[in-house]
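Welcome! Here is a short briefing to read alongside the structure below.

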Amino acid sequence: MVFQRAAMREFAANAVAIFVALFFILLTVILIRLLSQAAGGRLPPDAVLSLIGFTALNHLGTLLALTLFISVLMSLTRVYRDSEMVVWFASGLPLSAWISPVLKFSLPIVAVIAVLSGYLSPWAQGRAQEYRKQLEARDDVSSVSPGTFREDTGGRRVFFVESVAENDAEVKNVFVSMPLADRLRIIVASHGSVEVQPNGDRFAVLKDGRRYDGRPGTPEFSVTRFDTYAIRIEAKEVGVLEMTPRITPTPQLIAVPTPQNRGELSWRLGLPLAALVLTLIAVPLSFVNPRAGRAVNLLFAVFVFSTYISLLQVMQAWIGQGKIGFGAGLAALHGPMAVLLIGMFAHRMQLLSRLFRR
């Protein structure tokens, strides 16, 4: 019991440290990708924070599975390096006695992974797609941000505003480029705002500016000064959210057993099962020579994890394409991994028993 309590504390401490490090790496990758989209004008800057949350929640299950695997592996590797495992075996306890504390630590986290993959991850993906649809339906003026040239969805206008007033109701130094049939129209104004008419129509009202009309490359152009110039803002309809298997709730996947739904279901069931199998594999995999480094062990562990997850995705695609049945696909992937787990335990316990007999 002393060993088990100490192991549980070490598992938890390592898991917290590893999860925090991996989570910050995940957030950094997501942030860089979304900021690149925002810089390119494909995403409004005010939508970055919400999409970070939805995307992180979608990948949280896989992140927890990796955290669980590495935390158990590093803890038991440390036990080998500090020769504490010698005391464990000298006390008459086999390697399989580690299964009980590992399961007590991992089963609650595996349950959380099951909830994430089965319910929260599809919900997060659905909310992210719905949010993107709402962003696409926003009018072009609402998506303009200060200091950035913004092209409307039809490619007919280019907007630029230098700054926003303190009351957030007006913008200053407005530039609008509008290509016409055979001419180019450019409008500049000192300030502008959005006004709503009684019938619901919305207009971008520019004040104290000039309008330039002419043909590029020719001296034919005209300049018109204006006090007020209104541009109608066309309303957009929110697109219909396409119900793909990735965002379909798990009960509906079970109720409608199409090949695509079965493929998605194999991923949602396979991820927590893979996390449990990998955590148990970490017990025999953690053996290390105290005089050797532990980098090779960690690299091999990351290779095993990435291979298992990649095979899980391949099996999901095969089931979705109808190349293999649902039950056969799960058995073909997780069955050999379970056999590998038993074989690794048997091989490691046989070597250790020979060593202690000598």
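Patches are made of residues with over 30% relative accessible area and no salt bridge, joining like charges within 9 Å and nonpolar side chains (Val, Leu, Ile, Met, Phe, Trp, Tyr) within 5 Å. A salt bridge is a side-chain nitrogen of Lys or Arg within 4 Å of a carboxyl oxygen of Asp or Glu. This is a predicted model, where local features need pLDDT of at least 70 and side-chain atom pairs count only at pLDDT 80 or more, while totals for chains, interfaces and linings use all residues. Residues are numbered from 1 along each chain as its sequence is written, and side-chain values use heavy atoms, leaving out hydrogens and water.

**On the surface**
- Val16, Val20 and Phe24 form a nonpolar surface patch with about 290 Å² of accessible area together (Shrake-Rupley method, 1.4 Å probe, only the protein chains shown counting as cover for residues).
- Phe24 belongs to helix α1, residues 2-39 (helices are DSSP runs of H or I, at least four residues, numbered from the N terminus).
- Phe24 counts as exposed because its relative accessibility is 54% (exposed is over 50%, buried under 20%, partly exposed in between).

**Helix α2**
- Helix α2, residues 48-81, bends by about 45 degrees at Leu60 (the angle between axes fitted to the seven residues ending there and the seven starting there).
- Of the 34 residues in α2, 24 are buried.

**Inside**
- The largest nonpolar core has 62 residues, and Phe11 and Trp98 touch the most other members (a core is a set of buried Ala, Val, Leu, Ile, Met, Phe, Trp, Tyr and Cys residues joined through side-chain atoms within 4.5 Å).
- α2 gives the most to this core, with 18 residues.

Notes:
Helices (H or I, at least four residues) and strands (E, at least two) are DSSP runs, numbered from the N terminus. Buried means under 20% relative accessible area, exposed over 50%, partly exposed in between (1.4 Å probe, protein chains only).
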